[in-house]
Amino acid sequence: MQVVVPYAARDPKSRLADVLDADERRAFARAMRADVVDAVRAAGGTPTLLTTAPPESSEDPALDGVAVAVDDRPLTDAVDDALPEGPGETVAVVMADLALATPESLTRLFETTGDVAIAPGRGGGTNALVVRHPDFRVDYHGASYRDHRRIAADASLSVGVVDSMRLATDVDEPVDFAEVLLHGERRARDWLADAGFEVVVREGRVGVRRSE
Ligand SMILES: Nc1nc2c(ncn2[C@@H]2O[C@H](COP(=O)(O)OP(=O)(O)OP(=O)(O)O)[C@@H](O)[C@H]2O)c(=O)[nH]1
Ligand SMILES: C[C@H](OP(=O)(O)O)C(=O)O
């Protein structure tokens with residue numbers, strides 16, 4: 001399966017700016033991206049990094065052999081351009097900030113039937129998609145899960161939904177670090193741990209703190 005992995009290269013993960021400086025956000029975003037690319041490959045997918053700017057050649061050995069498409073238009077336009085253009089084509093879209101994605105969870109997504117299969121994100125977004133029909137188009141940001149269901153319904157397309165904690169967890173805000181530290185198994189978890197983040201329980205609630 002062809003799998004597009006969108007990646008915002010210029011100022012990644014701006015909502016983490018309160019806890020990570022710009023270099024750290026870039027490094028953490030790359031760690032998540034590497035985990036996603038590995039998981040896609042292990043699930044039998046062929047990843048193409050859809051990035052707003054070309055990676056520097058020495059930037060990331062995890063991208064060795066990965067096709068790169070540079071498109072600096074907004075996310076929706078860039079992804080739309082990568083979707084199936086004719087019958088019989090299938091393209092998946094898996095966001096680069098799914099730090100908990102595993103080969104097993106992606107295999108479930110890839111095997112979910114429907115003209116469109118959607119893995120919703122917590123908070124109303126769309127973390128991953130499989131598109132098997134040329135009439136489907138994306139509309140990201142906001143309540144994009146609802147918007148994507150509506151777009152599919154308007155085009156009389158069938159929709160499968162994947163109920164997956166791992167695919168529902170995109171890392172947008174510092175509170176999401178707890179999920180990565182608790183459930184992550186690879187680079188993104190190690191990056192946070194190396195940067196001094198740890199899970200804390202305060203008044204019965206799980207949070208994170210960074211050691212000095
Ligand atoms: N190619 C491409 N990818 C994007 C763009 N905007 C976001 N992405 C990627 O899409 C996924 C979801 O992005 P968001 O969480 O909405 O945005 P973000 O840039 O990662 O983070 P914030 O700056 O905190 O909003 C991530 O993998 C991003 O790297 C874009 O304009 N173009
Ligand atoms: C791309 C966007 O991500 P979010 O901003 O919800 O993390 C969405 O899922 O529509």
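Biologist: What does the protein chain average in pLDDT?
Modeller: This is a predicted model, in which local features need pLDDT of at least 70, side-chain atom pairs count only at pLDDT 80 or more, and totals for chains, interfaces and linings use all residues. Residues are numbered from 1 along each chain as its sequence is written, chains are lettered from A and ligands numbered from 1 in the order in which they are written, and side-chain values use heavy atoms, with hydrogens and water left out. The average pLDDT (the predictor's confidence in each residue, from 0 to 100) is 96 for the protein chain, and 99% of the residues score at least 70.

Biologist: And the ipTM and pTM scores, what are they?
Modeller: The model has an ipTM of 0.98 and a pTM of 0.97.

Biologist: Turning to ligand 1, which residues come nearest?
Modeller: Ala-8, Lys-13, Ser-14, Arg-15 and Leu-50 come nearest, out of 16 residues around ligand 1 (a residue counts if one of its heavy atoms lies within 4 Å).

Biologist: Which atoms lie by its oxygen atoms?
Modeller: An N or O atom in the Ser-14 side chain is 2.6 Å from an oxygen atom of ligand 1. Backbone atoms contribute as well: a polar one of Arg-15 is at 2.8 Å from a ligand 1 oxygen, and an N or O of Ala-96 is at 3.0 Å from one.

Biologist: How much of ligand 1 does the protein cover?
Modeller: The protein covers 84% of the 610 Å² of accessible area that ligand 1 has on its own (Shrake-Rupley method, 1.4 Å probe).

Biologist: Now ligand 2. What surrounds it?
Modeller: Its surroundings are Arg-15, Leu-75, Gly-125, Thr-126, Tyr-140, His-141, Ser-144, Asp-170 and Asp-172.

Biologist: Which of these lie by an oxygen atom of ligand 2, and how far away?
Modeller: An N or O atom in the side chain of Ser-144 is 2.6 Å from a ligand 2 oxygen. For Thr-126, a polar backbone atom is 2.8 Å from one, and for Asp-172 a side-chain N or O atom is 3.0 Å from one.

Key: Polar contact = N/O pair within 3.5 Å; in protein donor to acceptor, adjacent residues only side chain to side chain.
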